[in-house]
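Please walk me through this structure.

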Amino acid sequence: MGKPTGFLEYDRKDNKAEEPLERIKNFNEFHVQINARERKEQAARCMNCGVPFCQSGMVLNGMASGCPLNNLVPEWNDLLYRGNMDKALQLLRQTNNFPEFTSRVCPALCEAACTCGLNDTPVTCKANEMAITTYGYENGLMEAVPPKVRTGKKVAVVGSGPAGLTAADQLNRRGHLVTVYERSDSIGGLLMYGIPNMKLDKKVIARKKEIMEKEGIIFKVNADVGKNVRASYLLKEYDCIILACGASEPRDIKVPGRDADGIYFAVDFLTRSTKHVLSGKNDGFVNTKGKNVVIIGGGDTGNDCVGTAVRQGAKSVVQIEMMPKLPDSRAENNPWPEWPRVCKTDYGQEEAVAVYGKDPRIYQATAKEFIKDKNGKLKKIKLIKLRPVKDEKTGRINMAEIAGSEFEIPADYVLIAAGFTGTQKYIADAFGLKLDGRTNVATEKDSYKTPADKVFTAGDMHRGQSLVVWGIKEGRGVAKEADKYLMGYTNL
């Protein structure tokens, strides 16, 4: 513990964000890191408590508490305070393959479980992680380190999201020959096209890809396994195959008028926007400038759609959420260190407030009908209000329609951000795999191994739609199991 009284002496100070009206002028990252002295003070706030919940990775009341990667948060906070950045980076990379990603897009499960946050504000673990990672790149500590010995075993990783990249990184370090197949034109999965550039600059992904290539990993893009790449070819050519294709089947909203022109799944909209930002080309670009935009769904994806539409210059932005507004502070039945179920106003909503003068969210409502003009283009959306109703048998709260509560709002574009239903079936079918009741690839109990010979699965395809940090956790887990399968033992 660097400074026993640090948490008493220093107030929380996070990286400062540009003002909303300024940052919406472009798609650049907009947080500015505080200086080295202030960062040391923030690290000094870490209490090095006897039971560091920040790194526990437990599930409490159905929600994650603490870092699933079991990051050594108190240790590298202490080293950061003492100025030993080299050692801090070493400890960080022991548990996290991609801190340059998590320090940008992770919701900071570590901070939600921070003991300092029980009676005060939590330590700035996420920003501290970014400071350590930035130091590593600026001082040549993140350069490629190819394995000195190769095993001769060949591994195919299908999918280059967080789980796939992590599995590839781990198995390459072990000395296996790894090839990553990605169906898109760039690696990264949702990191690349599902998360806007202002949240994760795509140069960060390109930089890491270059390092991984120098370490010996081969990337093949525009390679859609199950379509233009045969599963039989992979089964013949590789000693082990890891499927990490995500839970990329979007959840639809099937109401009258769904065929109207102007309705897109959120991930498609974000993909087209990011491609336009990177290339400047209008091919497939959905431009919401001067248009009324309605986003159906909350969460990170819904917020990213808000921020993107605001930057494009939308006339209005409305976000529809089925559930009631969460409380502004923890309820009694949601005690620390559980994940705090509180209302969060994210960057996109902040920007909408600054531009349109009000919070874009409408709670306890859902789509009843998409209304088209005579040419089939979307012009309005009919919504209906909802109320929570407790199911007496299960105890679950369901949202029920309120009769006669329909109302209409203008909508030139609707973006469906209702999450994903699971694995796209054609990939599973290509390897003769079955999906379980949650539409994830079925595996042996407590295992990443599928019933198919030498085929493993990980990430959202294995556990369902989740966070980047869980993808990294899954990638490390499947790499360990695959390595043992290949070698008879593992030191991962």
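The tour below goes from cavities to helices, then to rings and backbone. The model is a predicted one.

Start with the empty space. Rolling a probe the size of a water molecule over the atoms shows where such space is left. Here the structure holds four cavities of 30 Å³ or more. The largest cavity contains about 140 Å³ of space. Its lining is made by 16 residues. Closest to the centre are Cys67, Asn71, Cys106, Cys110 and Glu129. H8 gives the most, with three residues. What is the lining like by class? Eleven of its residues are nonpolar, three are polar and two are charged.

Move on to the second largest cavity. Its volume is about 80 Å³. It is lined by 14 residues, and the closest to its centre are Cys46, Cys49, Cys54, Cys114 and Thr115. Which element gives the largest share of this lining? H4 does, with three residues. The lining of the second largest cavity has eleven nonpolar residues, three polar ones and no charged ones.

H4 also has a helix partner. Two packed helices are described by the angle between their axes and the distance between the axes. Helix H3 (residues 36-44) packs with H4 at an angle of about 145°. The two axes are 8 Å apart. The crossing of H3 and H4 is left-handed. Which residues make the contact? From H3 come Arg39, Lys40, Ala43 and Ala44. From H4 come Asn77, Leu80 and Tyr81. By class, the contact of H3 with H4 has four nonpolar residues, one polar and two charged.

Next, the aromatic rings. A pair of them is described by the distance of the centres and the angle of the planes. The whole structure has six aromatic pairs. One of them is formed by Phe30 and Tyr347. Their ring centres are 5.7 Å apart and their planes stand at 45°, so the pair counts as tilted. Where do the two residues sit? Phe30 is in the loop between helix H2 (20-23) and strand E2 (31-32). Tyr347 is in helix H15 (residues 347-356). The pair therefore ties together parts that are 317 residues apart in sequence.

Two backbone details close the tour. Most residues other than glycine have a negative phi, and most peptide bonds are trans. Asn61 has a positive phi, near 55°. Asn61 lies in the loop between strand E3 (58-60) and strand E4 (63-65). The other detail is a cis peptide bond, which joins Trp336 and Pro337. Its omega is about 10°. Pro337 belongs to the loop between strand E12 (316-321) and H15.

How values were computed:
Residues are numbered from 1 along each chain as its sequence is written. This is a predicted model: local features need pLDDT of at least 70, side-chain atom pairs count only at pLDDT 80 or more; totals for chains, interfaces and linings use all residues. Side-chain values use heavy atoms; hydrogens and water are left out. On a 1 Å grid over the protein atoms alone, a cavity is a set of points where a 1.4 Å probe fits but cannot get out, and a pocket is an open set with protein on both sides within 12 Å along at least five of seven lines; lining residues have an atom within 4 Å of a point. Grid points are joined across faces, edges and corners, and a volume is the space filled by probe spheres set on the points. Helices (H or I, at least four residues) and strands (E, at least two) are DSSP runs, numbered from the N terminus. Ala, Val, Leu, Ile, Met, Phe, Trp, Tyr, Cys and Pro count as nonpolar, Asp, Glu, Lys and Arg as charged, and the others, Gly among them, as polar. Axes are lines fitted to C-alpha atoms, for helices over the stretch in contact, and angles run from 0 to 180 degrees between N-to-C directions. A crossing is left-handed if the near helix is turned anticlockwise from the far one by less than a right angle, and right-handed if clockwise. Contact means heavy atoms within 4.5 Å. Rings of Phe, Tyr and Trp (its six-membered ring) pair if their centres lie within 6.5 Å; planes under 30 degrees apart count as stacked, over 60 as edge-to-face and the rest as tilted.
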